[in-house]
Amino acid sequence: NHIFTPGSTDMGGIIFAGMVISEPEIVKEVLRNSGKAFPKANPSFYAFHGESLQNMTPAVIASVETMLEKWKGQEGNENEVFGEFRLLTSEVISRTAFGSSYLEGEKIFDMLNKLSIIVGRNIFSTGIPFINKFWKSADFLESEKLAKEMQECVMKVVKKREGKVLSGEAESFGNDFPGLHVKAYRDSNEEKKLSWEELVDECKTFYFTGEETVNSLLAWIVLLLAIHGDWLERARREVIRIFGNQNPHPEGMAKLKTMTMIINETLRLYGPPNGLVREVQLGKLVLPANIDLLVPNIALHHDPNLWGDDVHLFKPERFAEGIAKATKCNAAAYIPFGLGPRSCVGMTFATTETKIALSMILQRYTITLFPAYVHSPIPVITLQPQHGIQIILASLHNNA
Ligand code: HEM
């Protein structure tokens, strides 16, 4: 039952070169006072809220169905789910964010994936400013090439949308993620207008934040349920009571109380972001210029002073009466989606996607851990299982 506990300054053996803040009161001050809120006028904000979010359900269901189709006939075999969920979450982001431009979206994802591996390898390496002007590492050159290709891909999506409107084939740029961004890019109001660089950045951010995070979360949940069969059964009973064997729907998802507890507890133990980085002035505290502050959310989530002596155990019942009760109203004790103005805009998207995928899996399968599984979480931008997560599926229906 005991799990990996990172130290507050030790990021997988690498010491962060800045200041690490894990005192809840200071964390609250830092996060609440840093950055401006994500602008509501920003097309990304709109694309992942309200009406747009409702439209995502069929796209997520279709992507989960594709994954489950591949799982048929795999019962009893070793099944590595971290990789499976990577494919699933990239498809979900491509379908929901890029809609009709889904295939271009997949290409962008592929390049971002390669880029994230390079970033992961180099995240703590420091360049020497003068030398870097004349000598560029192979990784640096590769990342420049990928960034250029990615820009070209985004440009293609933009041009295609523009072309359809200019030729009269379409009346508007569309209300999906690329459509709203093209509209903002062509806005005549200079204040609202998105620059070309901002547009490309938005696409990269959404791909990256939308895929890596949910991928890890789903994998860790499946691991914990494979070990804790009692919670797996409780979650399944709830899913069957609410949805039967039908596909998940928005009204039912709001009623998934046990699953919400399981998601919250998994985010506490294995929250995907390894830490939040800020550049701020702290009250009267004078910090050296440009120093980064690291808020190691994972250290707060593993602090026995905040969570009790059983802090390392998987106990979803902590969240039976909600997050406020579980944290005794200490807002900084639990920050899987951040805190303050720059907290996660994709939180509802992420939890909806997770609930749909889990419900559909639990409707069909029971899960046990593959005996050769090796537990080794490592921080690669998000907290990931170094050797994957291998499970064994057993079908609940003979014909599944
Ligand atoms: C389990 C899933 C997820 C977790 C745990 C998570 C966590 C976080 C955290 C902690 C932050 C704040 C970072 C900071 O304060 O420095 C953040 C920001 C953000 N997240 Fe998520 N996230 C998840 C899923 C998603 C998804 C699915 C999307 C989009 C589809 C998304 C989009 C974003 C964006 C755009 C930001 C930046 C907001 C800003 O700059 O103000 N996230 N996320």
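Okay, housekeeping. Residues are numbered from 1 along each chain, as its sequence is written. Since the model is predicted, local features need pLDDT of at least 70 and side-chain atom pairs count only at pLDDT 80 or more, while totals for chains, interfaces and linings use all residues.

So, confidence. pLDDT is the predictor's confidence in each residue, from 0 to 100. The protein chain has a mean pLDDT of 82, with 80% of its residues at 70 or more, and the model scores come out at ipTM 0.98 and pTM 0.84. Residues 1-16 are another story: pLDDT stays under 50 there, and the model has 25 contacts for them beyond four places in sequence. A contact here means two C-beta atoms, placed from the backbone, within 7 Å. Where pLDDT is low, the predicted coordinates should not be read in detail.

Now the overall picture. The protein chain holds 16 helices and ten strands; those are DSSP runs numbered from the N terminus, H or I over at least four residues for helices, E over at least two for strands. Of its 400 residues, 40% are buried, meaning 20 or more other C-beta atoms, placed from the backbone, within 10 Å of the residue's own. And of the contacts between residues at least 6 apart in sequence, 75% join residues at least 24 apart.

On to the sheet. It's open, three strands, order E4-E10-E7, with antiparallel pairing; strands pair if DSSP finds at least two bridges between them. E4 (78-80) and E7 (365-369) sit at the edges with a single partner strand each, so one side of each has no neighbour in the sheet. On average, neighbouring strands are turned by 45° against each other, direction ignored. Between E7 and E10 (residues 390-395) there are five bridges, and threonine 368 stands opposite isoleucine 392 in E10.

What lies across E7 and E10? That's helix H9, residues 196-227, running at about 85° to E7. Axes are lines fitted to C-alpha atoms, for helices over the stretch in contact, and angles run from 0 to 180 degrees between N-to-C directions.

H9 also turns up at the ligand, giving the largest share of the shell, seven residues. The shell has 23 residues, with Gly210, Thr213, Gly338, Cys344 and Gly346 the closest; the cut-off is a C-beta atom, placed from the backbone, within 6 Å. The elements giving two or more residues are H9 and helix H16 (347-364).

Definitions and conventions: Buried ≥ 20, exposed ≤ 12 C-beta atoms within 10 Å, placed from the backbone.
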